[in-house]
Amino acid sequence: MKLRRWIAAGAVAIATVGALNVAPATAGRSYNPADQSLRNLALRHGLAIGTAVDLTALDDPADPRYRQLAASEFSTVTAENAMKWESLEPTRGTYNWGPADELVAFAKQNNQRVRGHVLVWHNQLPAWLTSGVEDGSISTTELRDILRNHITAVVTHFKGRIWQWDVVNEAVSDPWDTPSTLHYKGFWAQHLGPGYIADAFRWARAADPHALLFYNDYNIEAFGSGDPANDKTQFVYDMAKDLLAQGVPIDGVGSQGHLGTQYGNFDTLQVAGALRKFAGLGLATAFTEVDVRSQLTAGVQAGDSNEINPRLQASAANFSVLLQACLAERHCLSFTVWGFTDKHSWVPGWFSDPPEGLATIYDENYQPKRAYQEMKADLIYSGPPYVLPRVPQKPRR
Ligand code: XIL
């Protein structure tokens with residue numbers, strides 16, 4: 001009897017700890033059975049559902065639906081551009097915090113957590129920085145100081161208000177780059193060597209000991225050949241393992257999840273397997289920029305349902321594959337879409353030859369697409385024993 005009571009008490013204690021463990025991802029709200037929003041449905045799993053936010057759309061009085069949905073459907077937000085270096089420090093020494101601060105305030109008002117994006121990336125750098133390095137007026141030693149100061153200034157500014165920071169973004173090449181053997185690519189590796197990655201994590205940790213620090217990249221949804229010379233996921237896995245072995249404070253790996261229906265893509269078990277391997281290193285994971293684009297063929301543009309429907313179906317299926325894999329892996333903390341409406345998506349502007357689009361979960365008129373419904377279904381119909389609440393990640397010291 002006594003033993004049984006002890007076991008029962010233990011079970012309650014474990015259940016309580018489990019419930020408490022869910023708290024960080026849920027930002028203080030509890031599940032409400034009457035609320036069918038993605039953010040509420042995900043609460044049962046302790047999963048945060050996020051979106052990238054376009055500050056211009058958020059502030060457009062003629063477009064109120066954008067703000068409403070950004071608040072009601074999502075429990076975490078990412079600045080689509082406002083925290084990038086060129087936005088924060090367009091002129092050397094003069095920071096423009098306004099739009100980023102506005103997003104952080106919006107998040108607070110709506111009980112949302114913030115993913116900070118991004119501290120170190122080779123794109124969207126201010127011209128004063130890239131041209132200074134190019135013309136030799138900024139030396140390598142100075143460049144390293146500039147990077148340290150930038151990370152310190154930005155992380156300190158937002159200290160205590162960022163849940164996850166994308167510390168380093170897209171540092172690894174792709175098999176179609178030259179040379180095709182995977183390597184550290186881009187501005188920072190060229191000028192500082194790959195050691196900048198470990199430095200960046202250490203500087204970020206020193207400025208905010210409570211934020212979770214992520215490495216973020218695309219095309220790492222699943223493992224391939226296992227050869228780091230051509231398997232990007234393996235390369236990133238080896239990198240993370242190596243950073244951990246050096247005592248570098250990396251807490252997670254973000255998989256962007258930019259997919260396209262014209263590609264082969266992955267199945268749920270493959271993706272869950274990749275998340276599990278990263279978890280095996282003691283790392284959290286997250287899907288950080290999910291969208292699934294399609295080619296806008298002449299038929300699609302003419303409204304031919306024979307061409308449109310299969311694309312909408314395939315897009316929905318891919319959103320679902322990534323979400324189910326994330327649900328299945330308890331260390332996958334958040335699932336963020338890179339814009340939630342085709343009205344405001346980076347895809348048509350970036351993929352124009354051939355034209356692509358239809359990448360998000362709401363159409364241009366804010367009607368939920370099949371992808372939205374499939375995400376909702378995944379959140380509703382999953383549960384124990386295969387889907388259990390998230391395990392919180394503690395920042396590594
Ligand atoms: C994109 C934005 O969506 C665009 O508005 C901007 O013009 C370019 O950058 N990977 C990333 C994101 O990490 O920061 C990128 O965002 C999309 C690809």
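Reader: How far is an oxygen atom of the ligand from the side chain of Q256?
Author: This is a predicted model. In it, a ligand oxygen is 3.5 Å from an N or O atom in the side chain of Q256.

Reader: And what about E80 and W338?
Author: For E80, a side-chain N or O atom is 2.5 Å from an oxygen of the ligand. For W338, the corresponding distance is 2.9 Å.

Reader: How much of the ligand does the protein bury?
Author: The protein buries 87% of the 410 Å² that the ligand exposes when taken alone.

Reader: Which residues are closest to the ligand?
Author: The closest are E80, K84, H117, N169 and E289, out of 14 residues that surround the ligand. The ligand takes up the space of the largest pocket.

Reader: H117 again. What kind of peptide bond joins H117 and V118?
Author: A cis one, with omega at about 20°. V118 belongs to strand β3, residues 113-120.

Reader: Where is the peptide bond from T178 to P179, and what is its omega?
Author: Its omega is near -10°, and the bond is cis as well. P179 sits in the loop between β4 (164-169) and α9 (186-192).

Reader: Why point these bonds out?
Author: Because most peptide bonds are trans. Most residues other than glycine also have a negative phi.

Reader: Is E170 buried or exposed?
Author: Buried, because its relative accessible area is 9% and the cut-off for buried is under 20%.

Reader: And N111, what is its phi, and where does it lie?
Author: N111 is not a glycine either, and its phi is positive at about 60°. It lies in the loop between α6 (98-109) and β3. N111 is partly exposed, with a relative accessibility of 31%.

Reader: Changing topic. Which backbone oxygens does the side chain of R390 reach?
Author: The backbone oxygen of C326 is reached at 2.8 Å. The backbone oxygen of H45 is 2.9 Å from a polar atom of the R390 side chain.

Reader: Where does R390 lie, and is it buried or exposed?
Author: R390 is in the segment after α16. It counts as buried, since its relative accessibility is 2%.

Reader: What about K369, where is that?
Author: In the loop between β10 (356-357) and α16 (370-381). K369 is buried, with 10% relative accessible area.

Reader: What does K369 touch?
Author: Leaving out residues up to four places away in sequence, K369 touches L312, D342, L358, A359, T360, I361, Y362 and D363.

Reader: Now V77. Which strand is it in, and what does it touch?
Author: V77 is in strand β2, residues 76-79. Beyond four places in sequence, its contacts include T51, V53, L103 and A107. V77 counts as buried, with 0% relative accessibility.

Reader: Last one, F235. Where does it lie, and what is it in contact with?
Author: F235 is in helix α11, residues 232-245. Apart from neighbours within four places in sequence, F235 is in contact with V172, L182, H183, Y184 and P228. It counts as buried, at 12% relative accessibility.

Reader: How far apart are F235 and S173?
Author: They are 9.7 Å apart in space, C-alpha to C-alpha, and 62 residues apart in sequence.

Definitions and conventions: Residues numbered from 1 in each chain as written. Predicted model: local features only at pLDDT ≥ 70, side-chain atom pairs only at ≥ 80, totals over all residues. Heavy atoms only, no water. Helix = DSSP H or I, 4+ residues; strand = E, 2+ residues; numbered from the N terminus. Buried < 20%, exposed > 50% of the residue type's maximum accessible area, 1.4 Å probe, protein only. Contact = heavy atoms within 4.5 Å. Near = heavy atom within 4 Å. Polar contact = N/O pair within 3.5 Å; in protein donor to acceptor, adjacent residues only side chain to side chain. Areas by Shrake-Rupley, 256 points an atom, 1.4 Å probe, with all protein chains shown as cover. 1 Å grid on protein atoms, 1.4 Å probe; cavity = no way out; pocket = protein on both sides within 12 Å on 5 of 7 lines; lining within 4 Å. Sits in = over half its atoms within 2 Å of the grid points.
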